[in-house]
Amino acid sequence: MKTKLSRHWLIAALVFATLLAIVSALAARSQSSSAATHAGQRHWLASRVSRDNSDPLSSMHHAAEAISANPDLAPAILLDQRGWPGRPVTQVQVLSGEVRDSVFNHDETRILSWGVSNTAMLWDPATGQTIGRGLTHDGIIQGAIFSPDFTRILTWSEDGAARVWDAGTGQQIGTTIQHKGPVAGAAFTPNPSRVFTWGPSDPPALRTVQTGESSGPALGSGSSFGAVSPGDSHFLALHSDRAELWNIRQANQVGPAMTHSGMLNGGIFSPTGSHLVTWDDAGEGYLWNARNAALIARISLDKLDCRGAVFAEDGARFLLLGGVGTRLFHAATGQAAGPIVSHAKIQGAALNRDASRILTWGADETVRHWDGRTGKQVAGFVHQSTVAGARWSRDESRILSWDIGGMAHLWDSATGEAIGYPIADGSRITGARFSRDESKILTSNDAGRVAHWSAGGARKADLRFPALTPAVSNDRAARQQYTENLRAALTPDGARLLTFADETHVWDAATGRKIAGPLGHAPTHPFLPGGSRILTWNGQRAHQWLTSTGEPAGSAIDAGSDIRGVAISRDGARILTWSVDRAVCQWNTSTGRASGPTLVHESDVLDASFNANGDRILTRESQRVHLWNASTGKPAMPPFTLGDPIDGAAFSVNDTYIVIHSGTAVRVIDTSSGTQVSRMNHAARINGATPSSRGVRVLTWSDDRRVILWTDIRGSNWAEMRHGSSVQGAVLDPSESTVLSWDHSSVRAWKARTAEMEGPVLHPGAGVRSAQWYPGGTRIVTAGDGGARIWHARTGYHLGDGPIGSGVERGAAVHPAGTHLLTWDHQEARLIHVDADLDFPARHAPLWIQAVTGTRYQPGEQTVYYLTSEEWQRQKSSYERVAEAHARECRYKEANHWLRYRPAKAAQ
């Protein structure tokens, strides 16, 4: 007996221990899941803060960490990071110390980089690999250049040495050219076997590359500053109190010394080599003849401090820069060629090709685009820190600018709008330039990083459609009525887009190309089942059109009187029309012939519809509702009449009842008897009522600030949801577990069962016109005067980088695949790509960002670090294996980063 008891106790203990282990495991799992959820939300919040602080690099890393920690957040975060990962880096190289500049060779097969370290680097932009062991010196390199034929490289250093290198291999050529002190500058001559160098301890002189010795007499005394003319024929030596012009080939001084009233600050040759401009600390600029050193003009910028000069490409005009402005001058005479352009804290300026446009930038964190002839500002571009430089694209349609905060931007030069997303380089950018075909941007920074970026970036697709012109009239009233009624819709497959009001037009959704139109009027839901045909009407006739081509389909319907509206049966086999003669007619969709009796009314018909199986027809006059037998044309119930205007009438889901709303009341009518079953009241005018799709529930909203979900036919049970102002609309989600409602300035989500708010109040701005659930039910789309917006329902975060559309949207619709958002305003519709690869494997999100930015995030230190070239190559290889496998099954190929930026690899 004791043995049996012991055995029972042992079994009980084992069962208890097992249950305890299961409970503990579930608790641990729950805690782990909760921790992951909180970690994801913390990183998401940090991502948004970084983005708002203009730090997209940190923002991307935090977003990746959030997705990795909590994959459920991925769809919302990827939309929040619209365009993520922004402008991808294609190659990167990290040097020690600050990089002063980087340049391409002529065919962009090499990049030359140098900075404050002892080594300049030559590397292949296609692979990111260095060429040779580096172009080394014993001191900081002061500069580096390619030879005119790009076969050699010349470097010079504060260690007193200048060296020539093979641009193909990185090997030194000839003997080191040694100075007594630092080398201040150097240049190639047309004969690459000789170079020209100078320094404060050594006079300018020609040197032989092979021997390192001087090959001619010295040109005057030592000089810390100087400039070589185009063609390498003359040298401008800059001393504290004078400038000297020397003929390099003849080794003699040209003309007398060029004296100044103040200490000399700089000087440059014109691109043609015919003129010189120098400037001093007395606030004056000097224009000289570069043939004989004769003074042409002494220029003052109206007492503005003179800080530099910039010549136009043809050398005919030049800018003289002051501390708070700049002015254009004629190079032949020194006379002003335009007004003073005022720009506080100016740091630099540039001229376009014909000197008709001026760029200025400065410590006020702006770049400004000016008309050089009038001095009027064309456009302005705002940075978040002091702007370090700017330049035009070759066709002058774009402007590239960069700042000391580590950001570079592309701008539309005419409008000032940003193109794509900024380059986040993470540290002070010291130089930026376009590649030859301007598809890439090369940047260098003070943290030793040289990066090669896509100049295209990631842009939101914005297919703008032209404003439609009214067919009936061009007078102002007709135009106003027309634009106020503009609507848009997508076909069920998302391939075609309709815009319709007094006219209907069909567009290719992928390209924005017009397919057909105008096709006449269209109802609110113009598609026949399946979306392959469109129904419109014009005058007395109704027409069907093929959605794919806009060509006629089926036979036209002739109603005999001007049509006021049309409706389609649920199976698409029949069409209803109602006309000015107060008749409602039934038509066969295939033949265009009458398919049932005409239903005659005593007053104008405002609306008509079939029930679910098509055997009943509901029609509405101003104060009367009718239910008809479709086959006999006889009333199926007595007309229901009110003394007040009826605002709407609809069948319940099972056709057992009709829901009518008028004034402050909603009435439920029994379709078998025509008697009123119940009346549901609001305290003010009802703005809408919708029967639910599950049983007899009715959703109503009103000027009394309430949304009510009536949960039984008698109206005795209800869930009440309150707004702060008149409610303009409400919808149930497909599961009918949540209600979405909106007033003029806010949107709210509610639990249908308890009427409790689910998530915070959304504030899209004034003039909210619609709200709807995004596929999946975790996001909300709103449209109104603040533009269209996508929101994360649970947190209330506005996803993306600003309003979508033109800014005053009358409506929005989500593409069936969830990849695009259709928005429309008074005159235009736009299909906007949400630009997110929503099914990318969440666990690989941090790897994705490391691979495309060349950086990694250290969560413990909350710091972003640059990867070395070797580390970055390994991460890219890992990412490409993941991305290639994902691309084969990706549902969002248009947003797939790897497919967009590695098409050659993807095609293999």
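How many bridges join strand 2 to strand 3, and in which sense do the two strands run? The points below take up this question and then turn to other features of the model, which is a predicted one.

1. Strand 2 is joined to strand 3 (residues 111–115) by 5 bridges, and the two run antiparallel. Within this pairing, F104 stands opposite I111 of strand 3. The two strands belong to an open sheet of 4 strands, ordered 2-3-4-5, with antiparallel pairing. Strand 2 (99–104) and strand 5 (135–136) are its edge strands, each pairing on one side only.

2. The largest nonpolar core has 45 residues, of which I67, L79, W84, I790 and Y879 touch the most other members. Two or more residues each come from helix 2 (56–69), helix 3 (74–80), helix 5 (845–853) and helix 6 (869–887), as well as from strand 65 (779–784), strand 66 (788–792), strand 67 (798–804) and strand 68 (811–814). Another core, of 17 residues, lies apart from it; A408, I423, L867 and W872 are among its members.

3. Leaving aside residues up to four places away in sequence, L79 touches Y774, R779, I790, L799, G800, V834, A836 and L838.

4. Helix 5 is mostly covered, with 9 of its 9 residues buried. These are A845, P846, L847, W848, I849, Q850, A851, V852 and T853. The helix is followed by G854, which has a positive phi, near 70°.

5. Helix 2 and helix 5 pack with their axes 7 Å apart, at an angle of about 155°. Angles over 145 degrees count as roughly antiparallel, and helix 2 and helix 5 are therefore roughly antiparallel to each other. Helix 2 contributes L57, M60, H61, A64, E65, I67 and S68 to the contact, while helix 5 contributes A845, P846, I849, Q850 and T853. By class, the contact of helix 2 with helix 5 comprises 7 nonpolar, 4 polar and 1 charged residues. I67, in this contact on the helix 2 side, is also one of the residues that touch the most other members of the largest nonpolar core.

Conventions: Residues numbered from 1 in each chain as written. Predicted model: local features only at pLDDT ≥ 70, side-chain atom pairs only at ≥ 80, totals over all residues. Heavy atoms only, no water. Core = buried A, V, L, I, M, F, W, Y, C linked by side-chain atoms within 4.5 Å. Buried < 20%, exposed > 50% of the residue type's maximum accessible area, 1.4 Å probe, protein only. Contact = heavy atoms within 4.5 Å. Axes fitted to C-alpha atoms, helices over the stretch in contact; angles between N-to-C directions. Parallel < 35°, antiparallel > 145°, perpendicular 65-115°, else oblique. Nonpolar A, V, L, I, M, F, W, Y, C, P; charged D, E, K, R; others polar. Pairing = 2+ DSSP bridges.
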